[in-house]
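Student: I have a model on screen and want to learn how to read its features. Where do we start?

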Amino acid sequence: MHLHFKLVFFSLILCTVTTSLPLYGNILSDNGLPGNDYSDHQQTGERLRSLVDTYPELSALTTLATTQGGKQIRLLTIGAGNTDIRPAIAVVGGISGNHLLGSELAVQFAENLLAMSDQNRIRQLLDSVTFYVFPEMSPDARGQYFSSLRYERLYNNNIIVSHRDPDSGAPPFMDLNQDGMITMMRIKDPTGLWIKHPDDERIMVMARKEKGEQGKYRLYREGVRAGKQGCFNAPDKRGVVFDRNFTFKYPAFQPGAGPHAVSEAETRAIADFLFQSGNVFAVITFGEANNLSEPLKYNEAAASARIHTGWKNDDIKINEMVSNLYQDHLENNLPAPAAGQDGDFFQWAYFHCGRFSFSTQGWTVPETDAERPDPYKSEALRLLRWAEANDIPEVFVPWEPVDHPDFPDQLVEVGGIKPFALNNPPYHMVDSIASIHTNFIIDLAAMRPVVCIVNIEKEKLDRDLHRITAQIINKGSFPTASRTGEILRWKQKTVIRTTLDDTQQMISGKPVEVAGVIDGRSVITRSWLIHGSGNVNIRAGAESTGFSETTVSL
Amino acid sequence: MNIYKTILSAISLLFFLLITPVGAQVSDGRPVENFFKASGSPVNPKVPVSWNRYYTNEGLLEIYEQLVAAYPNLVTLESIGKSYDDRDLWLLTVTNRDNKPHHQKPGFWIDGNIHANEIQTAEASVYTAWYLVENYGNNAFITDLLDEKVFYILPVMNPDGRDHYMSQPNTFNTPRSGTMPLDDDGDGIAGEDGFDDLNGDGHITQMRRRNPYGQWRTDPDDPRRMVPAPPGEFGEWELLGWEGIDRDGDGMLNEDPETGRYDHNRDWGWNWQPDYVQRGAYLYPFSLPETRAVRDFVMAHSNIAGSITHHNTGGMLLRGPGAREDARLYLREDVQVYDALGKLGEKIIPGYNYLVLYEDLYTVYGGQIDWFHMMRGIFTFTSEMFSRYYLYNEDPSGGWGWGFNEDFYSFDKYLLFEDAFVPWEDYTHPQFGEIQIGGFKKNYIRVNPGFLLEQELHRLMAFTLFHAHHTPHLEIVELSSSDLGGGLREVIAVIANTRLIPTHAGIDLKKEIERPNLITLDGGEVLAGMIVENRDLNVVKEQTHNPAVLEVNNIPGMGTVTVKWIVKGGRRLSVTVDSAKGGVVSKEL
């Protein structure tokens, strides 16, 4: 999934020499029958509505925003009763337009979970945990898979016309071989930097100058020279990329970053929702980053800098705990670990929203045993080898010559990995991936922070003088907040509130205390000295832990 | 209501003119013969305004409407958005509307009152608008300014805050924000423990209590003032903080006011950081309706080349960056422009210092001036109005002491006759018992006393006008043609920018913010076009695509650009320079 990153910078590379990335694709449905392919925006909506119709007591569907492309940012809330004041997990998919799987995993999580709601254990879970499912955060971009011209796209429809880029209004790409997909285009040219892979001639790799290799091809995405400056189309500059538009390490002025952080309806919608929803203690993102196959590592300098860029050590331990759980579920199918990118959602959710944030691609192309390691480390080769070993058909469009208006005297061929094939498995594999991830999230939810008031002791010092001592325990595995959440203003802290009646007087102790983090399976003790008699009410908790309340009679 | 008001002020102006005897003008209800002109000020303003008092939002709107009615060809009034409490964000566009469209002129942005309690900044903005229109046609410099430039003036960016500051009990430091309540103390309830105006005088002043073990004693020179007890001695007073009651029982006073603690000037799009790094930051850049409205306006007006955002206090002209790590992006050529203007500012506003925000004051992430400079390429200053210097026109000695500095007491005593002080009076406090309440009023310390207001408004405006004057001014200073034979002509144009500010700041060029200047040759068939880098040695850079419209990245301040075309045919040739920040100029050969 490093592909995503490269794709964003594709446009920059285009004008200079040639591209370094194979941008390929795939038709991923298995036989073209309904239900055997990833769902488009409308189908996703129908699946969600069908859930709400089937489980009206346990689910609700809302629209948080509408994108520039007229698509809805939908939220499916799953839980019984009052879903606002109890721990919640946000499950976020479809954050990258080229990651169809992420959206599907979010939707299938909802479907699987609700289908299991007749089981006692799931029903109890839904009484005590809320799931906020955001299936499609980049719907404009994702729509390109379902359009007549299929290519991997990350940007939304909020076209930023760059005055400095005269090509920014040009149409994206051109389907030279008219196969409905944008693949690659190679031009035989002694100035080119690319060669055919010695182990598989279908694959283009960059010649290794240091090994004395001589480039033989120029390589572009399929298209024609557009605009006056002689660039090929640079479509990724044209809109805003959801996963580059957040405030943590915001990549200002970079392609896809937008005019400023959180400038888009999509990004604002989820940011506003999460800021307002203090009950969300964990965010699970299906996207390009992965801190589940391997946990993040503690970096003291980064974690303690004035502007934190590394997770706090206590939070790293939670990441380790959750990563262990993930590894137990995924076993041999772990996707590749991958760092977050500047301006992405996954890191924002931790660093600027203060929630425990976990991300996985759900699936990456598995390594296939090969005779020798690939010296070019080609992702395309990895895909082809895996596809062959597993009888996955048609991930590749064979190179075929075309007449190209810009290169009338040169051999121009179009072909390559089909769009979407590198980042998404064939659809028949999705059910089992979704099922595994559903179970992982259910087990994660069981680790939620739960605050209870226990071990209440009353000590009578005199007729009307009482000391109340109570312990506040977090019975969950998660702390009541992340360490970053504790320093961020918008994450609701655990509050202990002791309410007296008018005849009582608090001699010592606090009527209201904003407590620090209570770690998982940990206890804090508080006491109050009260003059008077009657009932005293003690309430402790936060939106993300649930509230515990007790009345003590003096 | 606003239409009604506009009509009413137009009618009253008309009535005013009609009842005046023929041949006799009046000013402010008095015959004009009764006045003698003071240099530099309008003797007979059409819109008389007293500049020794402050105006509520309604009072300001009345002035705007009078300006529009009196000078319809120079002033337009529009609302660019709504505040959190649904108040209009009124913007004045000031320019000569009769010569060319305002977006084809270099623009200058002025705003005030982004911080609620910094109220004189609105008057600074309105004074500028008023002075410009009242002097247009009478003063060559001002007339040229309004012919060549356009001023976009938002006197009050935070009208909710201005209203709260004036109409509600406050200290001179509050509120800084707007009126959105926030849970500042984190206990789950918003705005439940703010100030309490215990003595009901509309000001939040200090609470003190007699205490034989206190740290403060009465100043023998001024019994209103307290001074620290000498080392090793007790005083007679303890200070209890601003007027208030611990309403939520958390042991803290005034820690969760009804106006949440957030800062519009930490809500901008460059190097935004969250609240734990940058106190006052809200959710993300432009997460407040007021800053969002300004963003939309500024992004839609790419002609804005210079700006000033007015604040108090301390007598400063600040430039960015707000954070040390951005210093490398304040490029040398841009800093030179700031330095030239800033030093001029120090001269014409005695008591002001030209400073670099992060280096000389404090770090600001997500501040307005950085967004203006870094992401819009606009040369921008922050003013910090009023300073202790103005009490006695000398550099003050000693610390601020926030209201306890002796200069403020003596100034109040000898020049304001104790109008700025609430005398200490006994009060029975539910938590502290017998206390006294008193101290400086909210309209002192940070806000100019009335008689010191007009001079500072004028000096600050003068600096602003010179800044605006130095936005790009483009002239086609040479347009010549020579015959190459065979029906071909070589056409050369030299375009000068006769002001300090370039059409594109260094940061603009580095980050590719604004489109290039377009220099177009009309008439004839343009076969080739090029930018001349060295005319004497014929070093040129050819533009092969669309050579009739040359794209010139920058026309530097106090500099020229030379371009050349090879043209076939065409009798009447004309050249047009179209610059986003430099305006549009044309010349015929």
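Student: Is the crossing of helix 8 of chain A and helix 11 of chain A left-handed or right-handed?

Tutor: Keep in mind that this is a predicted model. For handedness, look at which way the near helix is turned from the far one. Here helix 8 of chain A and helix 11 of chain A make a right-handed crossing. Their axes are 9 Å apart, and the packing angle is about 145°.

Student: Which residues in helix 8 of chain A meet helix 11 of chain A?

Tutor: Helix 8 of chain A brings V322(A), L325(A), Y326(A), H329(A) and L330(A). Facing them in helix 11 of chain A are I436(A), N439(A), F440(A), D443(A) and L444(A). Sorted by class, this contact has seven nonpolar, two polar and one charged residues.

Student: At what angle do the axes of helix 3 of chain A and helix 11 of chain A cross?

Tutor: They cross at roughly 65° and come within 9 Å. Helix 11 covers residues 430–445 of chain A. The crossing of helix 3 of chain A past helix 11 of chain A is right-handed. From helix 3 of chain A the contact draws L101(A), E104(A), L105(A), Q108(A), F109(A), N112(A) and L113(A). Helix 11 of chain A answers with V430(A), I433(A), A434(A), S435(A), H437(A), T438(A) and I441(A). The class count is eight nonpolar, five polar and one charged.

Student: How are helix 2 of chain A and helix 3 of chain A oriented to each other: roughly parallel or roughly antiparallel?

Tutor: Read the angle between their N-to-C directions. An angle under 35 degrees counts as roughly parallel. Helix 2 (residues 41–54) of chain A and helix 3 (residues 100–115) of chain A pack at about 15°, with axes 11 Å apart. The two helices are therefore roughly parallel. Helix 2 of chain A passes helix 3 of chain A in a left-handed crossing.

Student: Which residues make the contact of helix 2 of chain A with helix 3 of chain A?

Tutor: T44(A), R47(A) and L51(A) come from helix 2 of chain A. Helix 3 of chain A supplies S103(A), V107(A), A110(A), E111(A) and L114(A). Four of the contact residues are nonpolar, two polar and two charged.

Student: Why does D391(A) count as exposed?

Tutor: Count C-beta neighbours. D391(A) has 6, so it counts as exposed. M558(B) has 14 other C-beta atoms within 10 Å and is partly exposed.

Student: How many helices and strands does chain B have?

Tutor: Chain B has 13 helices and 25 strands. Its C-alpha atoms fill a box of roughly 105 × 65 × 45 Å along the principal axes. Of the 589 residues in chain B, 46% are buried.

Student: What does the domain assignment of chain B give?

Tutor: Domain 1 is 54–164 + 265–386 + 449–469, domain 2 is 182–258 + 397–440, and domain 3 is 474–588. The C-alpha centres of domain 1 and domain 3 of chain B are 33 Å apart. Their contact takes 21 residues from domain 1 of chain B and 17 residues from domain 3 of chain B. On the domain 1 side, helix 7 of chain B gives the largest share, five residues.

Student: How many residues does each chain give to the contact of chain B with chain A?

Tutor: Chain B gives 27 residues and chain A gives 25 residues. The chain B side has ten nonpolar, eight polar and nine charged residues.

Methods
Residues numbered from 1 in each chain as written. Chains lettered and ligands numbered in written order. Predicted model: local features only at pLDDT ≥ 70, side-chain atom pairs only at ≥ 80, totals over all residues. Contact = placed C-beta atoms within 7 Å. Nonpolar A, V, L, I, M, F, W, Y, C, P; charged D, E, K, R; others polar. Axes fitted to C-alpha atoms, helices over the stretch in contact; angles between N-to-C directions. Helix = DSSP H or I, 4+ residues; strand = E, 2+ residues; numbered from the N terminus. Parallel < 35°, antiparallel > 145°, perpendicular 65-115°, else oblique. Domains from an automatic or database assignment. Buried ≥ 20, exposed ≤ 12 C-beta atoms within 10 Å, placed from the backbone.
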